Amino acid sequence: MPIDPREWREHVVSTELQALLDVAACESATVSVRISASPTAALVTAMGRAAIEAGFAFASVSLGEERSLHGLDDVVRALANGVRTDAVSERRSGIAAMLDAFAQKNGKRASERFEERADEAGLSGDLRALARGFVASATGRTEARRLKLWLGGEESAPRSDEISLRPLTVGTAKTALAQLSRLVVALGAKGSLFVLTDAESIVDLPTARRDVALTVLRELVDNADGHRGMMASRLIVFGAPGLVLRKHALGSHEALATRLLSADADVLTPHAALSYVDPPDDETEPLAITPTAPEPRRANALRSMLRLAQGLPPLEATPELTVGLVAVDHRIDALFETAQSGSVFAVLSGEYGAGKTHHLLHLEARALAAKRPVLRLSVERLDEDLGNPQRHLRRLLESSVLPLKGRPGPLDRLDAWLASPTMEKKLLSALEAIRDRGGEAAAAAERALRGSSPGELAHEGVLETLSAIDLVDKPSGASYRKDAYARLHLWLELLSKLDGCAGPVVLLDEAENLYRPGVSRPERRTALRSLAFYCGGSLAEACVVLAVTPDTLTALRDEAGELLDEIEEQRTLLPSEDVAMLRRRLVRAKPLEVQRLTKVDLAALAEQARKLYVSVRGRTPDPDFESFVKKEVTGAPSPRAVLRRTMARLERLHFAS
């Protein structure tokens with residue numbers, strides 16, 4: 001007899017609750033797709049109830065004609081306005097209600113307590129500033145209006161001691177989603193369960209919007225728990241079978257297909273990237289999952305395990321996963337050594353799923369250990385601004401990582417400089433020295449010193465200049481591009497003088513998006529103009545790595561000559577946008593190719609993954625593991641596929657025992 005639908009629903013809820021407890025235990029975040037041919041309203045309601053009862057926040061949003069992933073800001077806005085915990089009733093949900101409840105619960109200590117919890121949650125940026133004002137306000141009315149304006153994508157005047165706020169828009173949506181998850185934790189929840197329903201509507205979008213939505217989903221899957229990403233959160237995307245089976249479904253997006261589609265989709269495990277959640281037609285017994293919070297002492301290993309289960313490489317250096325990294329280290333050593341006497345440019349080339357991201361993360365870890373700031377600039381679909389530094393500088397500052405305790409970003413460091421009288425004096429002295437010496441950063445230093453007097457630094461000029469918020473809406477004229485480049489030079493000089501940082505590592509990722517449908521030659525030409533600055537040697541002692549798929553590299557080389565000639569003829573081209581150097585480097589660069597691992601390597605990787613899993617969940621007998629691995633490594637699969645299937649097998653065996 002087939003399983004009772006209500007019993008099956010309880011199984012699905014238990015499975016997803018286990019996943020939620022896992023991400024909370026290691027302060028991570030995951031994104032999964034769940035497919036159902038039946039209505040999911042009752043299931044989503046049950047999942048939300050279970051999450052709230054376990055101490056988590058919950059919000060559910062329907063995707064459709066008026067709201068889809070191609071406009072992620074609309075989705076984040078709806079989540080922020082609908083999120084609730086056990087302290088907030090369904091009638092009064094949303095961030096404002098949660099802030100109000102927190103203020104009432106903590107009384108006179110509300111502000112102090114909020115700052116403590118915000119620090120613990122790593123909350124920064126606009127939502128922290130808005131929440132801080134809300135909690136400290138006597139009535140909350142003015143601050144509630146500021147929050148409403150910000151969520152609505154409208155400008156809100158910052159306070160005198162704030163870095164200028166950047167309202168919720170398409171370009172800031174991923175950052176806002178991450179801040180939302182951290183704010184929820186700061187307000188007392190264990191984490192968040194965010195559910196997006198009716199995702200099959202993506203397939204029916206017009207071509208351009210569908211491409212955007214699928215690419216955004218891929219970016220969320222990849223970056224949910226990246227630096228300054230979501231915290232203690234699960235994002236579940238529910239869709240009908242058409243989301244997988246129809247012509248323009250998930251499989252039509254090559255990068256997304258490698259991350260989500262799996263032969264194991266019929267078996268539901270807590271962290272499967274994609275699973276069907278309808279009751280089985282046969283008498284299959286569901287896994288016996290009793291949701292249990294893992295031990296926090298294994299948080300790093302658990303976080304790595306979750307990444308592998310999702311088909312993603314670990315974010316931290318993981319001793320259990322070292323296959324292929326010895327050769328990588330030799331190449332990194334050579335790059336850093338060359339960068340000490342100038343700038344160095346390298347191309348990292350690899351197919352989808354071959355391990356480019358693993359290489360980049362390893363490079364990032366090595367860079368931070370060498371006191372090098374890591375500046376990340378991805379050619380992401382929601383941020384069509386690579387060719388406009390005045391627009392992408394703020395995004396670069398928000399996504400960069402500094403080699404300091406807690407791995408802060410530049411804007412966090414700016415807050416710390418201005419909060420300490422000693423550091424403020426050093427900042428003033430450094431700005432004056434940079435201004436007086438001249439050079440690329442002098443004009444930006446002069447701008448930052450506006451309003452300052454000898455011995456006293458005016459915060460307003462510093463905040464405006466170094467936050468780069470005033471440049472976001474500027475046109476692409478040469479003067480604004482020059483200003484943006486000057487501010488980046490200023491940042492790097494300040495980090496060197498005040499924090500002892502070495503030359504930066506600049507990671508330019510997802511360049512294949514330059515050749516996605518809908519991107520015109522003029523747009524690529526503009527992007528190459530900015531690449532000419534970053535890759536042409538303008539940043540002293542920088543190590544610049546462009547990560548691409550082989551076909552994208554070929555297209556760039558074939559097209560770059562003609563496009564760069566067109567750029568060179570533009571009278572507005574800046575000297576620092578060294579087109580000739582980029583042309584030579586693109587043509588002559590010998591790519592650092594991500595080699596496909598051999599069967600022996602893949603088998604060793606699977607065994608290392610098994611050891612990692614055992615260190616988290618405990619030992620589960622698996623006498624057929626060797627034969628399983630032998631079968632899986634046949635046919636030169638990607639490391640991503642082998643690791644994901646290995647983790648799925650181990651999860652099934654663990655919960656079935």
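Modeller: Leaving aside neighbours within four places in sequence, Phe-114 is in contact (heavy atoms within 4.5 Å) with Phe-102, Leu-123, Arg-128, Ala-131, Arg-132, Val-135, Leu-183, Ala-186 and Leu-187. Together with Leu-69 and Leu-250, Phe-114 touches the most other members of the largest nonpolar core, which has 74 residues. Such a core is a set of buried Ala, Val, Leu, Ile, Met, Phe, Trp, Tyr and Cys residues joined through side-chain atoms within 4.5 Å; buried means under 20% relative accessible area, with a 1.4 Å probe and protein chains only. Helix 8 (residues 173–186) gives the most to this core, nine residues. Apart from it lies another core of 70 residues, including Ile-434, Ala-444, Phe-533 and Ala-542.

The model is predicted, with local features needing pLDDT of at least 70 and side-chain atom pairs pLDDT 80 or more, while totals for chains, interfaces and linings use all residues. Residues are numbered from 1 along each chain as its sequence is written, and side-chain values use heavy atoms, leaving out hydrogens and water.

As for the whole, the protein has 26 helices and 10 strands, counted as DSSP runs from the N terminus (helices H or I, at least four residues; strands E, at least two). Buried residues make up 59% of its 657 residues. Of the contacts with a separation of 6 or more, 78% join residues 24 or more positions apart. The C-alpha atoms fill a box of roughly 80 × 65 × 45 Å, taken along the principal axes.

Conventions. Buried < 20%, exposed > 50% of the residue type's maximum accessible area, 1.4 Å probe, protein only.
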